[in-house]
Amino acid sequence: MKTSKRILSIIIVLLIPVLSMLWFTRHESSGYASIELIAYPLIFGGVSIVAIYLLKTRLLKEQLIDFNSGNGSWYTDILWGLLLTATYFILFFAFRATLSNILAFHPNSELLDLMLDMRQSPLLIAIWFGPVLWLGVALYEELVRAFLLTSIWKEKNSLLWITLSILLTSIVFGLAHYSQGPYGIVTIGLKSFIPAFFFYHKRRLMPLVYAHVLYDGLQVAMFLITYQS
C-alpha cells in the first residue's frame, strides 16, 4: 500500500513540471502581461508547494525533515549554496562555449519584456526578486527535486537505483524547459545532475534553494544593468 501511494505521489509531482511546460507553451503565443508573469509563478509555485506538503505529510505520512535530514547549519547551507552557484556559472560558461554553437536556443520574448518593464518599476523588481524568485521559482523547483529523489530512494538503496533516480529527475527538469529549445533542455538537464548528486550526499534542501536564487537572480540583475533597449 505504501509503495502504491508513493508511486501515485511521484506521478502527481512529475506532472507539476510537465503541466507547467505544456501550459506555458500553449499560452506563449498569446503573449503575457508583466503582472501575469509575476502572478502565475507565485500562484503555480505556491499551489505546488502546498500539494507537495500534503502528499508528504498526509498521504505518505512522512516527515518534512526528509528534505533537510543531513548534518549542517544555516551558515554551512549558505556556504554550500555559494559553492553550488559558482559551479552552475562554470557550467553556464562552458555550455556557452561549446553547446551554444550546436544546439538551438529559443529566447523567451515575454520574459524579456517583463525584464524591461521591471527596470521602470521598483515594485516589480521587489516582487520578482522577493516572493517570485524565492517561492515561485527556487523553493518550488527544488522541493520538486527533493520530493522525487527522496521518494524514489525510499524504495531501494542500490547504487543503480540511485543513479537512475538522478538521471530521471535531470531529464524531467531538462524537458520542463522545453520552451527554451534543445539548448535549454540539454544544458538544464546536465546542470541538474549537480544538485541531485549534492542532495544525495548532503541531504540539505536549503543550499539548493540559495544556489537557485543566486544563479537566477544574478543573471537577471546583470541583464537589467547591462541590457541596452
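**Entry 1: fold**

Which pattern does the chain follow, read along the sequence? I read α-α-α-α-α-α-α-α-α. I counted nine helices and zero strands in the chain; helices here are DSSP runs of H or I with at least four residues, strands are runs of E with at least two, and both are numbered from the N terminus.

I noted that this is a predicted model, in which local features need pLDDT of at least 70, side-chain atom pairs count only at pLDDT 80 or more, and totals for chains, interfaces and linings use all residues. Residues are numbered from 1 along each chain as its sequence is written, and side-chain values use heavy atoms, with hydrogens and water left out.

**Entry 2: whole-chain values**

I looked up burial: 41% of the 229 residues in the chain are buried. Buried means under 20% relative accessible area, exposed means over 50%, and partly exposed lies in between (1.4 Å probe, protein chains only). The chain exposes about 12200 Å², and carbon and sulfur atoms supply 70% of that area. The areas come from the Shrake-Rupley method with a 1.4 Å probe; for residues, only the protein chains shown count as cover.

I then looked at contacts, meaning heavy atoms within 4.5 Å. Of the contacts in the chain with a separation of 6 or more, 81% join residues 24 or more positions apart.

I checked the length of α3, which has 25 residues. Its first and last C-alpha atoms are 36 Å apart, close to the 36 Å expected at 1.5 Å a residue. The expected span is 1.5 Å times one less than the number of residues.

Which residues of α3 are buried? I listed Asp77, Gly81, Leu84, Thr85, Tyr88, Phe89 and Phe95. Their cover includes α7, α8 and α9.

I took α7 next. Two packed helices are described by the angle between their axes and the distance between the axes. The axes of α3 (residues 74–98) and α7 (residues 181–191) come within 11 Å and cross at roughly 145°. Axes are lines fitted to C-alpha atoms, for helices over the stretch in contact, and angles run from 0 to 180 degrees between N-to-C directions. The crossing of α3 and α7 is right-handed; that term applies if the near helix is turned clockwise from the far one by less than a right angle, and left-handed if anticlockwise.

On the α3 side the contact uses Tyr88, Leu91, Phe92, Phe95 and Arg96, and on the α7 side Tyr183, Thr187, Leu190 and Lys191. I sorted these by class into six nonpolar, one polar and two charged residues. Ala, Val, Leu, Ile, Met, Phe, Trp, Tyr, Cys and Pro count as nonpolar, Asp, Glu, Lys and Arg as charged, and the others, Gly among them, as polar.

The 17 residues of α6 should span 24 Å at 1.5 Å a residue, and the end C-alpha atoms are 24 Å apart, so the two agree.

Helix α6 (residues 159–175) packs on α7 at an angle of about 150°, with the axes 7 Å apart. This crossing is right-handed. Ser170, Phe173, Gly174 and Leu175 of α6 meet Ile185, Ile188 and Gly189 of α7.

The buried residues of α6 include Ser165, Thr169 and Val172. I picked Thr169, which counts as buried because its relative accessibility is 0%. Thr169 touches Leu148, Leu149 and Ala196, leaving aside residues up to four places away in sequence. Thr169 and Ser192 are 23 residues apart in sequence and 7.7 Å apart, C-alpha to C-alpha.

**Entry 3: Val209**

Is Val209 buried or exposed? Val209, in helix α9, is buried because its relative accessibility is 1%. I listed its contacts as Trp134, Ala138, Leu139 and Glu142, not counting residues up to four places away in sequence.

**Entry 4: positive phi**

Most residues other than glycine have a negative phi. I noted Lys61, with phi near 60°, in the loop between α2 (34–59) and α3. Lys61 is exposed because its relative accessible area is 60%. I also noted Arg203, with phi near 50°, in the loop between α8 (193–202) and α9 (206–226). Arg203 is partly exposed, at 25% relative accessible area.
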